[in-house]
Amino acid sequence: MISNAIEFDNPSLLLSGSSESSPVAPTPITIIINPNSNNSYPSGECGNQTVTCNNLNDAMDSFMKVATLVPGFPNKEYSMYQQLNLLLADGIYNFESNSISLFNMNVTMTTLTPNSSLVIFSGGNSSLTSPLFSISSTLSNGTMVDTGLKPSYIQINGLQFQINQTFLNVNTFSSFTDFKINNCKFLNYNNQESPMITINQGAKQIPIENNAIYFTNSSFNLMSTGYSIPFMSLTNTFVDIKDISVSNGGARAGTGIGNFINATYCSIEVDNSNFNGVSTSSGLFLCFDSTISISSCTFTANNAQSKVGGGGSIINMVSDTIKRFYFEISFSTFVNNSAAGNGGVIYAVNTLGTNETIKSYILNSTFTGSFTYGKYGGVIYLSNIPLEILGSTFGNSTSYVEGTMLYVANTDVYVSNSTFKYSDIPIPSSLSNSKINRGGFIDPEINHAFYATGSNLTFQSTNLYEVSVGCTNSVVLVNTEDFGIVGPNDVFCAYCLLTVGINKNPYCELPPTGTSSPTTGTSSSSSSPYSSSSSSSSHPTTGTSSSSSSSSSFSSSSLSSSSSSSSSSSSGGGHISLVVASSTTSKPDGSTSSAAQNPLFGLLVIISIIISLTL
C-alpha cells in the first residue's frame, strides 16, 4: 500500500461549520490498479507499485481495510472517509457484476499515465440491475445507513466507458452527493431497460437539490436506450454541463433515447456544448418542475418523435406542482431541429391553476430550419409561460396549422431588437403534401408565423420580413417601422386587438357588446386595411371559424364595447390612433382573466386618457 501526502483535491471541504478550527485533513491514500496483471495477494493487501490491484473491487477492499472515517470532517456536521486516489493503468477494465459502493467516500479516479486515452471500461449486461458505481443510503439487506449528513465526493478524469449496464446510481435522502466527470468518453451505451445514470430515481420528490453532477470536456456517442428510457434520469439534482458533445443517438439499431436528461425538481445549466443528430422520444431535456439555462451551445438536426406530451426537440417542459419553472437561452444556435408534437424546438406548458410569475428569456440566439409535425409552434409553443426575446433571429420554420415560428396561449410575450425572416428553402419531403406555413404573405392557404390566443404579444424595434400574424382573444402590438405584414392574408383576427406599425390604425378590434364569442360556435368578422377579398380560417383551439371581410380602408367606427376605448388626433396630415382593449382569457382551472389586468393594458389606458384630456 502506498500512502503519499498528495494535495487535497477538494479544498472547499476544509471549510468549518463554526468559528472553531477546521479538522485536519487526513493523509490521502493512493492505490494503483493494473487490469493486465494477475497478481496474487491476501484480501485487502494490494495497490502499491510492487503489487498492484487487479481490479477496482480489490482496490476498494484494500482501502476499507486501512481507511479512517473522520467525524466532523469536512466540517462539524459531517463525517467522511479520508481521500482515496485511484490511479488506473492503461488497459480494458471488464464490467463486474458487483457494484462499487462510493457512499460517504471522497474518491478521485484518473489515469496512471497522464493524459492517456487507453483506460477503457467495457462490457456489462443490460439484464443485470446492479450499476458500475453505487451511492446508496440503503444496503443490499435493506438497512438504512443514511441517518445523518454523510456526503460523497467523487471525481473521475480521463476514462472511457463502453458499457451496456448502468454507470451510476445515486439513491440518498438527507446526504449530499457531488459527482464530477471530466474529460471522459461514453460510447456505444446500449441498454433498452435502464438509464446510463440515475440519481434519486426512487427518492421522495421534494424541491431540494441534495445532489450535484458535473460534466466537463466529455463526449457521448451512439447512445441507445429505447424511446421509453432516458439516458439520464435525475431528481433533486443540480446539473452543470460544460464543453461536451453529444451525437448520433440511435445510430445503432435506430432506437434512439427517451431523453438525454429527464429531470424532476432540478436545475440544469448547459454551456459551450454541441448536440448533433440525436433522436429522442420527447426532447433532449425533459423537465418537470425544473429550470434550464443554455448558453453558447449549438443544436443541429435533433428530433423528438413522440406525439404524446408535446414536442420540443431540445426543451420539453411541464410544470404542474410548484412555481419553479423557466428556461433561459443565450448566444446559442439551433439548426434543422424538429418534433412530432407541438413546438419544434421548445415546448413549455404550465398547467398550474395560477400563472407562472418567473419570466423565461431568449437572448442573442438563432433559430433556422425548425419544424413540427404537430399542429402548432414550428419553433416555440408556450402556454402560461411569460417570455422575453431579445436580439435574436428566427427563420425558415414550418408547422401544420398555426404559429410556424411562435404559438403562445394565455401568456405575455415581449420581443425586442430581433429579426424574423423567411427565404426560399426546400420544404422537408415528409411535409411536402401537407398544409405548410412558411410565413409567406401571398398564399391565403398559408398559416401565420405568429399566433396568439388569450395572450399579449408585443414586437418592439423588431424586423419582420414576409411573416404573418394571427390572434384570438389577444392584444398584439407590432411597434416597428420596417415590417413585412403587407396583405390581407397575413392577418387573422377574432375577438382581439392587433395593431401593426408605429402610430397606425389597428387591423382589427374587439367586437361590439353583445357579439358572440369564439367559443359559442358562431362566426365573427374582422377588417383589414388592405383587404380586397374575403378568406376564412379555422380557430386553432376551438374549431370555430372567422372571416375577413373586404375593405379598402380601415373602418372608422369606434368600439362600442365597454371593455375598449379609443382616442385619436390629426394635425398637419399626421394621424395618431391609440386603441386599448381588454379580452377574456381562459385559465387552466376554468376561471377567466382580463387583458385589462395586464400592465400593458393599464399603460395604454393612461395614455389614452391623457391625450383625450389634452385634446
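What covers the buried residues of α1? In this predicted model, the cover includes six strands: β1 (29-33), β3 (79-81), β4 (83-88), β6 (100-101), β8 (119-123) and β9 (133-136). Helix α1 itself spans residues 56-66. Its buried residues are Leu56, Asn57, Ala59, Met60, Ser62 and Phe63. The start of the helix shows a further detail. There, a side-chain oxygen of Asn55 comes to within 3.2 Å of the backbone nitrogen of Asn57. Asn57 is also one of the buried residues of α1.

Lys65 and Glu45 meet through their side chains, with an N to O distance of 3.1 Å. This pair links distant parts of the chain. Lys65 sits in helix α1, whereas Glu45 lies in the loop between β1 and α1, and the two are 20 residues apart. Glu45 has a relative accessible area of 44%, so this residue counts as partly exposed.

Side chains of opposite charge can pair when their charged atoms come close. Across the whole structure, a search finds five salt bridges. One of the pairs joins Lys180 to Asp178, with the closest N and O atoms 2.6 Å apart. Lys180 reaches 27%, so Lys180 counts as partly exposed.

Another salt bridge connects Asp240 and Lys242. Here the closest N and O atoms are 2.9 Å apart. Asp240 is buried, because its relative accessibility is 7%, under the 20% cut-off. Lys242 is partly exposed, because its relative accessible area is 31%, which falls between 20% and 50%. The pair does not stand alone. Asp240, Lys242 and Asp271 are linked in a network of salt bridges.

Attention now turns to a strand residue. Thr198 lies in strand β15, which covers residues 197-199. Is Thr198 buried or exposed? Its relative accessible area is 5%, so Thr198 is buried. Which residues does Thr198 touch, leaving aside those up to four places away in sequence? They are Leu168, Asn169, Val170 and Ser233. With Asn169 there is also a polar contact: the two side chains approach to 2.5 Å.

Definitions and conventions:
Residues numbered from 1 in each chain as written. Predicted model: local features only at pLDDT ≥ 70, side-chain atom pairs only at ≥ 80, totals over all residues. Heavy atoms only, no water. Buried < 20%, exposed > 50% of the residue type's maximum accessible area, 1.4 Å probe, protein only. Helix = DSSP H or I, 4+ residues; strand = E, 2+ residues; numbered from the N terminus. Contact = heavy atoms within 4.5 Å. Polar contact = N/O pair within 3.5 Å; in protein donor to acceptor, adjacent residues only side chain to side chain. Salt bridge = Lys/Arg side-chain N within 4 Å of Asp/Glu carboxyl O.
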